[in-house]
Amino acid sequence: MPYWLFKSEPESWSWDSQVARGAQGQEWDGVRNYQARNNMREMKRGELGFFYHSGSERAVVGVVEVVAEAHPDTTTDDPRWECVYIRAVGPVPVPVTLERCKAEPRLTGMVLVNNSRLSVQPVTEAEWRVVCELGGWTG
């Protein structure tokens, strides 16, 4: 199963905001980057992703699940932009910082380590396992 990483500035949409949406989840809208949009187009219902606080925190703080596949982004009339719905699954017991990821030899190929600006990223199964190990996520 593919895995993903969703980045958000906690000041605009935080982990707590995501959790508050409950089982219905939240549309991951407002993405205006073609590569990030294309990543969302690849997602299937039930796939998991990390919720990452960007900005000053820069850490994986939670795990989310895709609950609705790519569809038109409701925040624009421009048909080029699509998004998915995600719901919070649970917090990562120990947030995994970008600094920690960069220091981990097993994560040298991770998109987050090499292109930390991309807002929606793929995560390999091996990377998923390492980040879960570092954060104490047993899901």
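Author: The account below goes from the sheet to its neighbours and ends with a pocket.

The model is predicted, so local features need pLDDT of at least 70 and side-chain atom pairs count only at pLDDT 80 or more, while totals for chains, interfaces and linings use all residues. Residues are numbered from 1 along each chain as its sequence is written, and side-chain values use heavy atoms, leaving out hydrogens and water.

Six strands form an open sheet in the order 2-5-4-3-1-6, and their pairing is mixed. Strands (E, at least two residues) and helices (H or I, at least four) are DSSP runs numbered from the N terminus; two strands pair if DSSP finds at least two bridges between them. Strand 3 (residues 48-53) and strand 4 (residues 59-72) run antiparallel, joined by 6 bridges, and Leu 48 is placed opposite Glu 65 in strand 4.

Strand 1 contains Leu 5, which is buried because its relative accessibility is 0% (buried means under 20% relative accessible area, exposed over 50%, partly exposed in between, with a 1.4 Å probe and protein chains only). Leaving aside residues up to four places away in sequence, Leu 5 touches Phe 50, Tyr 52, Val 60, Met 110, Leu 112, Ser 119, Val 120, Gln 121 and Val 123, where contact means heavy atoms within 4.5 Å. Its C-alpha atom is 8.9 Å from that of Val 63, which is 58 residues away along the chain.

Helix 5 (residues 125-135) lies across strands 1, 3, 4, 5 (82-97) and 6, at about 45° to strand 5. Axes are lines fitted to C-alpha atoms, for helices over the stretch in contact, and angles run from 0 to 180 degrees between N-to-C directions. Buried in helix 5 are Glu 127, Trp 128, Val 130, Val 131, Cys 132, Leu 134 and Gly 135; the buried residues of the helix pack against strands 1, 3, 4, 5 and 6 and helix 3 (98-103). Gly 136 follows helix 5 with a positive phi, near 75°.

Strand 1 (3-8) and strand 2 (26-27) each supply at least two residues of the lining of the largest pocket. Of its 14 lining residues, Lys 7, Ser 8, Glu 9, Trp 28 and Ser 119 lie nearest its centre. On a 1 Å grid over the protein atoms alone, a pocket is an open set of points where a 1.4 Å probe fits, with protein on both sides within 12 Å along at least five of seven lines; lining residues have an atom within 4 Å of a point.
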